Amino acid sequence: MSSSCSGLSRVLVAVATALVSVSSSCPQTWGPPGAQYGQLGKSVTLRCPGVTAGTLVSWFRDRDSSLLQGPYSRQGHELVLARADVADEGPYVCRTLDGAVGGTVTLHLGYPPARPVVSCQAADYENFSCTWSPGQVSSLPTCYLTSYRKKTVPGVDDQRMNSSTGSWVCPQDPPGTARCVVHGAEFWSQYRINVTEVNPLGASTRLLDVSLQSILRPDPPQELQVESIPGYPRRLHASWKYPASWPHQPHFLLKFRLQYRPVQHPTWSTVEPVGLEEVITDAVAGLPHIVRVSARDFLDAGSWSAWSPEAWGTPSIGPLPKEGHPPAGDQPQLTPESKLQAGSLAPPRPSLQPGPQPLDHSVPMEQVAMLVSLGILFFLGLVAGSLVLGLWMRLRLGQKNGPPKHGFLGPIIPVDKLTRTPDL
């Protein structure tokens, strides 16, 4: 059983190496000369490195004269450790019959690799990165082989074989870290990621299918600033910039989500601004506030970014400005929050939270439309009532001038047709 598992491990290593041989950072030999590896709890066989197969040797622990295995144990140049544990780790010395040192073996124990845990994320619509962690701690030297390929559509892409269906190296960035980056990906395509963990006892592969639109998660917005508005103790002006990793393109925009709260309050208030700034109109006067902002693709692809670093601001406690000179934030069309910030792709708007607003004495258009609708309904009701009243009066006059008629249509049916008998 042990030999079959060992053969399977060699096959897996060979397959993994063939898949991404050009990106292989795994060594051809593990550890320094004389290092040997085994699995904890399993039988381990050590081989004396300085002699030919079948040579009779004696085995000792390094710096210990106690004999572990004599030369006539029928094991030749091998030492078998049943159910090896941590106490069996360390150096071993093998000696030939003449007492010469045949070689030194250092035993390291651990576990074969498990399937790594892999996740991918795209900070923009052109590139994505994948990170991984071991499925279990092997306690042995480990390396990772990483590659990717574009998935094909059955019945379409399978009919044409070209370079787009092959595998490419997913370069580890920086080298030796648990992260690789794919550059120049297609936003509407799907990709298969191959991450293979390799150690001296074998290899284990994880395959992960991803699409950019599902793993898209922008970096947090940058340069968040919170400023007071002079003369208005319940207002704060917040502004920020696109993350540097997000390309400025008119067909790939970001939307934003802003949260704020007084430092003494645990609950956040949330608004979704338009543009790169927002005027908070319901701040608590005299208290410092915490503000943070996150971003997401404008068409809701992927997920929200992490929150930006928090920024603090305290509403102004200064006097109101002179009459005729309203401060910033009261008339958006005359203040900075109504202008496009550098790099902004959409104009901002004030916060939708309730706040002090100037009185408007003009008649709203909604009231005018309601009055017109009521007038039309009144006119239609008056016409309908007039028709009903006229019909009722006509029926009353007909009853007074003659005998009662049978049915509603009696007055318009000739009498001779009512009394006429059929000819036989």
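Trainee: How many bridges join strand 10 to strand 11?

Mentor: In this predicted model, local features need pLDDT of at least 70, side-chain atom pairs count only at pLDDT 80 or more, and totals for chains, interfaces and linings use all residues. Residues are numbered from 1 along each chain as its sequence is written, and side-chain values use heavy atoms, without hydrogens and water. Strands are DSSP runs of E, at least two residues, numbered from the N terminus, and two of them pair if DSSP finds at least two bridges between them. Strand 10 (residues 143–150) and strand 11 run antiparallel, and the bridges joining them number three.

Trainee: Which residue is the bridge partner of Ser147 in strand 11?

Mentor: Strand 11 (167–169) is an edge strand, pairing on one side only, in an open sheet with the order 11-10-13-14. The partner of Ser147 there is Val169.

Trainee: Which residue in strand 20 stands opposite Arg257?

Mentor: Strand 17 (residues 254–262) pairs with strand 20 (residues 289–297) in the antiparallel sense over nine bridges. Both belong to an open sheet of four strands, in the order 18-17-20-21. Opposite Arg257 stands Ser294.

Trainee: Is Leu371 buried or exposed?

Mentor: Leu371 lies in helix 3 (residues 365–401), a helix being a DSSP run of H or I, at least four residues. Buried means under 20% relative accessible area, exposed over 50%, and partly exposed in between, with a 1.4 Å probe and protein chains only. Because its relative accessible area is 62%, Leu371 is exposed.
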